[in-house]
Amino acid sequence: MCKVKLIFIFTFITGLFFTIYSSTYSISGTVKDDQTGEELPYITITVKGKDIKVTTNVDGHFSILDIEEETITLEIKHPSYKTEEVTVDRSKADEKLIVSLQSIDMQELDKMTVRATKGEVVKVSENISQVSLSPSLMEKLPSVGEADICRALQLLPGISGNESSSGLYVRGGTPDQNLILLDGFHIYHVDHFFGFYSAFNVHAIKDVQMYKGGYPAKYGGRNASVVELTGNSGNVQNFNFGGGASFLSADIFFDFPILLDKGSVVIMARRSYTDILQSPLFENIYDLLEDNTLEEGPFSVQMESQPTFHFSDINSKIALRPNDKDIFTTSFYFSRDNLDNSCFGEFEIQNPFGGDPFPGKMSEEELSKWGSWGCSGKWSRQWNKKFYTNLVTAFSDYFKDGRDSMNMVVQMGTIEREMGFTLTEDNNVRDFTVRLDNIIHINQQNDLEIGGEICLLKTVYDLSVAGMMDTTIDEQALLSSGYIQDKWVLANRVTLLPGIRLSYFQESHKFYVEPRASAQIKITDNIRLKSAWGIYNQFINRVSRPDVLRGNGDFWLLSDTDNPLVSNAQHIIAGASFDHQHFLIDIEGYYKILSDLSIFSIISPDIDSEFFLNGEGIARGVDMMIQKKTGKYTGWIGYTLGQVEHTFPGMNRGKSFPADHDITHEIKFFNNFAIKNWDFSATWVYGTGRPYTMPEGQYLNILPNGSVDTIVHVSAMNGKRLPDYHRMDLSVTFKFDIQEKFKTSIGASVFNVYNRKNIWKREFDYVEGELIQTDNIFMGLTPSLFLNFKFR
Amino acid sequence: MWKYIALIYLVFLACNEVGIDESDKHNVVVTGYMYVNRPLTDNIRLTSMLSYSAGETKIENINDAKVTIFYDDLSEELVPQGTKGFYTFADPNKKIESGKTYKIEIDYYDKIAKATTIVPEKPRIASLSDTEIFIEDSIDFMEMMQNLNDYPKIKIKLDNNSAYYHYLLIENIETKKEVIWLNLPSGMRDYIYISSPSQKSELRLSSRHFMYYGKHQVIAFRVNKEYVDAYESRYQSPSTLNEPVSNVDKGLGLFTSFDADTAFFTVTRKTTDKGINF
């Protein structure tokens, strides 16, 4: 009997031993900034010696499941932080792991080994078409007065822009086709100062994730790309105060802990002083945009104006971490541009009866303001190691209000004639969104994401001209979407991400099914093949209408069954990357089929006529990037070979034509040399000239009703090209500490160093039998200075 | 590696064909509107396109082109009429026939512009809701425009099961015209209403289409798609510089044909309490 007991006990202990020591375990944790205690999103964590990689979510959280080894070493990398290695064993399975990363201090660069990663501004993700940007390192990039997130993105292959627009043209898409999310709420307007600067304060943003195409089912509502911005959530350990100034604006920030270090608050504000102090930089930019000469009819007027302009933005975020499982954050953003471009002029008008011309005075009151604001509240909860939830409620508002009152007085002998009119144009977009995202870590091979959102969208466009014409387009619709996607790792070599998104759009009364999939195959430790395919729909459109001096003339409208239509894109992407410790070669080819595109065009004077032309398009190209990631010298060369063709039955006789933003070749060259406290940077960008339409002549169009219209004949839509664009910018930054707790940086940038006369737009006028061609030139050589400081 | 990149580049360039026309010089602009059972007089006109590159300053009538019409396996060269660019058959009484296909070829500076039209079948006005309507005098034009629903309307029904396109022309045919509305803008005095092309079987006229008392004719023209396309794109947007859709190959303008049916109605002065005003 005793023997039997012994055998039983032995068997039990042995079983228990094997149960304990042969079973796997899981760990979860959060990656934080060492100095501020902020959670760090999108950090790659690699289990050394194994082909396991995970990425922190937007709250800095990660989980690694089914670990067999007793001890593993985690390698945590991020462009802005020193690479950290953490050893974990089974005993940590019940704890929440906190990994603190030290930010890269430029002054320590020389002490670091050459092998170390020294702060990459840009990091190309292993995921297809995904790039992350480190705003904290962005002051390395040459700029026009302000460090600028959108300008930095424009230095990447496949993303175009121009000096007059912070908008992003991603792989043949237009700026309105980019889904831009800041802490979960939509941003509809991304720039300040007529497009010269992005509306995002670089100091307010912690992380930028850019998806150039083929993005997963989690994101929807736009056709081209996703830009996901995560705002700084503040310091949970210390009070910080800082600021900066440039030729155009000054900014200030505070962040401090609250509730016994369980929360943090950050407040940032930026305002330009262009209305108080008009620097040469401001005047350079304004002169580029301004044209106060009216030359129409039998008189010309030289208008005198002293424009008053300023922009401002505010970012604020409160984060609360009541326990290890929950995070509550609220985020607020406000951005506005104000312009008073009122002007006054005197003129003379020909006397139709002969004799002295009639003198006249003209005054114009032109007031505009535009911008956007939004807020969000987010609750994140880690239910257990396998289940994580984000619940976001968000509100977003875009506004553009313009008022233009013109008054003219003509003295006709003893008679004084006065006439005038007022034009008002307002556009608003509002949306209220509730979004739920869940991540279920099923096992080491499968991460299932499931969620959905309900978004109430409202657009109002109101145009009133002289009290005679009053047009209001007021639309509201509910967009409901759900998605499911699974990141599936096969044999540690192949990663698949199939997913599907289903949306119902109230305005069109239709369901939209958007299947998507991406795949990566790891050929060797350094070489990966990747591909993606997906269907994308867009339910809100920015109608393009050039009007530079009112910020822009563009306005947003909801899609509907009529016009503008719900547009659609199909992305097909394939590529490969060679990712070495010191350098990267990345190449991706893309082919996008665009359908149900709408172009605003009044093609008939009938009241009930259509205001849009509908068509389709194709965007195709190859992006290539070669990046040196380590050492004192870092940088990249980006090259894009691209083509965007549109086909609209009502244009160019139905033949396809290059889209306005079609650029065949683009080269972007970024160089940075860091030594001790100094950072020297240079960028050179080159692009094939943009297409334009050349008028060739004019003719009469006579209809049976007797109407006679003069039509300008063009050889082919966008059949000509402006001269190629190229430009070099330089910058230098010097960092120094006045005291241990008082850090500063000062820098200078020179924009367009060799003063290239790049053409912005080409205009034509037919005067007395001669076609007059006028080229508007972009900014020439423009120096600027900046100063930043931080007190802790 | 570079070999493959070069190969991709070459493949890409091979696909890189964009529909760009060569420069247009000596472009002929055709205004060709042919009506069934009517001679061609004043219905085919050629003008030039003013070329900026050639430094031209004026749109000219073209009177020296070789213009040939093809129909029924026949061809006939048109003869110029006067100096305003009009061309007609040698037999001025020859008329356009319903259902036939007409092709035009214009040889001008060794450039041949071509276009084709198939003459539509005759439409039929099935009925008018009223053949006589009554409108009071002493009514201000703007008051009528603001209260349009209070004034008489006429519905015109067409036999149009196949959803052909039609447009209407409304014209007062009295020799002595008597204005209905007070304060009628001077620009409206020679008003002839011509509607937009429509596929509807029932078209409506409201009082704003009548300026004079007396007998009116309503002509329903059946039109081809080429006319509809040109009509709907007739306004050139400064932003897109779209041109009116043309069916003329190697030229501009429109060559099309119409057939019509006519009906009549009368607008009569309404007797008021005050009696008939003269």
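Trainee: Which residues are buried in helix α3 (residues 225-232) of chain B?

Mentor: Please bear in mind throughout that this is a predicted model. For burial, one consults the relative accessible area, and a residue counts as buried under 20%. In α3 of chain B, the buried residues are B:Glu226, B:Tyr227, B:Val228, B:Ala230 and B:Tyr231.

Trainee: Against which strands do the buried residues of α3(B) pack?

Mentor: They pack against four strands of chain B, namely β9 (111-118), β14 (165-172), β19 (212-223) and β20 (252-269).

Trainee: How many helices and strands does the secondary structure of chain B come to?

Mentor: Chain B has three helices and 20 strands. Of its 278 residues, 45% count as buried. Chain B exposes about 14,700 Å², and carbon and sulfur atoms supply 49% of that area. Among chain B contacts between residues at least 6 apart in sequence, 72% join residues at least 24 apart.

Trainee: Let us turn to strand pairing. Which strands of chain A are joined to β2(A), and by how many bridges?

Mentor: To read strand pairing, one looks for the bridges and then for the direction of the strands. Strand β2 (residues 44-47) of chain A is joined by four bridges to β5 (residues 71-78), and the two run antiparallel. Four bridges also join β2(A) to β3 (residues 52-55), again in antiparallel fashion.

Trainee: Which residue takes a positive phi in the hairpin of β2(A) and β3(A)?

Mentor: That residue is A:Gly49, with a phi near 80°; the hairpin has four residues between the strands.

Trainee: How many salt bridges are there over all chains?

Mentor: The count comes to 39. Consider A:Arg270 and A:Asp313, whose closest N and O atoms are 2.8 Å apart. This pair links distant parts of the chain, with A:Arg270 in β20 (residues 263-272) and A:Asp313 in β24 (residues 308-320) of chain A, 43 residues apart. Both A:Arg270 and A:Asp313 are buried.

Trainee: Where do the partners A:Arg721 and A:Asp662 lie?

Mentor: The salt bridge between A:Arg721 and A:Asp662 has its closest N and O atoms 2.4 Å apart. A:Arg721 lies in strand β47 (residues 720-721) of chain A and A:Asp662 in the loop between β41 (657-658) and β42 (665-675), so the pair ties together parts that are 59 residues apart in sequence. A:Arg721 counts as partly exposed because its relative accessibility is 31%, whereas A:Asp662 is buried at 3%. Salt bridges may also share partners: A:Arg171, A:Lys212, A:Lys530, A:Asp586, A:Glu588 and A:Asp623 are joined in this way into one network.

Trainee: Is A:His186 buried or exposed?

Mentor: A:His186 is buried, at 6% relative accessibility, and it lies in strand β13 (residues 185-186) of chain A. The side chain of A:His186 makes a polar contact with that of A:Asp431 at 3.0 Å. Residues touched by A:His186 also include A:Leu181, A:Ser396, A:Thr433 and A:Cys455.

Trainee: Finally, how many disulfides does the structure hold?

Mentor: The structure holds zero disulfides over all chains. Cysteines may still be read for burial: A:Cys150 is buried, with a relative accessible area of 3%, and A:Cys343 is buried at 7%.

Key
Residues are numbered from 1 along each chain as its sequence is written. Chains are lettered from A and ligands numbered from 1 in the order in which they are written. This is a predicted model: local features need pLDDT of at least 70, side-chain atom pairs count only at pLDDT 80 or more; totals for chains, interfaces and linings use all residues. Side-chain values use heavy atoms; hydrogens and water are left out. Two strands pair if DSSP finds at least two bridges between them. A salt bridge is a side-chain nitrogen of Lys or Arg within 4 Å of a carboxyl oxygen of Asp or Glu. Buried means under 20% relative accessible area, exposed over 50%, partly exposed in between (1.4 Å probe, protein chains only). Contact means heavy atoms within 4.5 Å. Accessible areas come from the Shrake-Rupley method with a 1.4 Å probe; for residues, only the protein chains shown count as cover. A disulfide is a pair of cysteine sulfur atoms within 2.5 Å. A polar contact is a pair of N or O atoms within 3.5 Å; within protein, one must be able to donate a hydrogen and the other to accept it, and residues adjacent in sequence count only if both atoms are side-chain atoms. Lists of a residue's contacts leave out its neighbours within four places in sequence.
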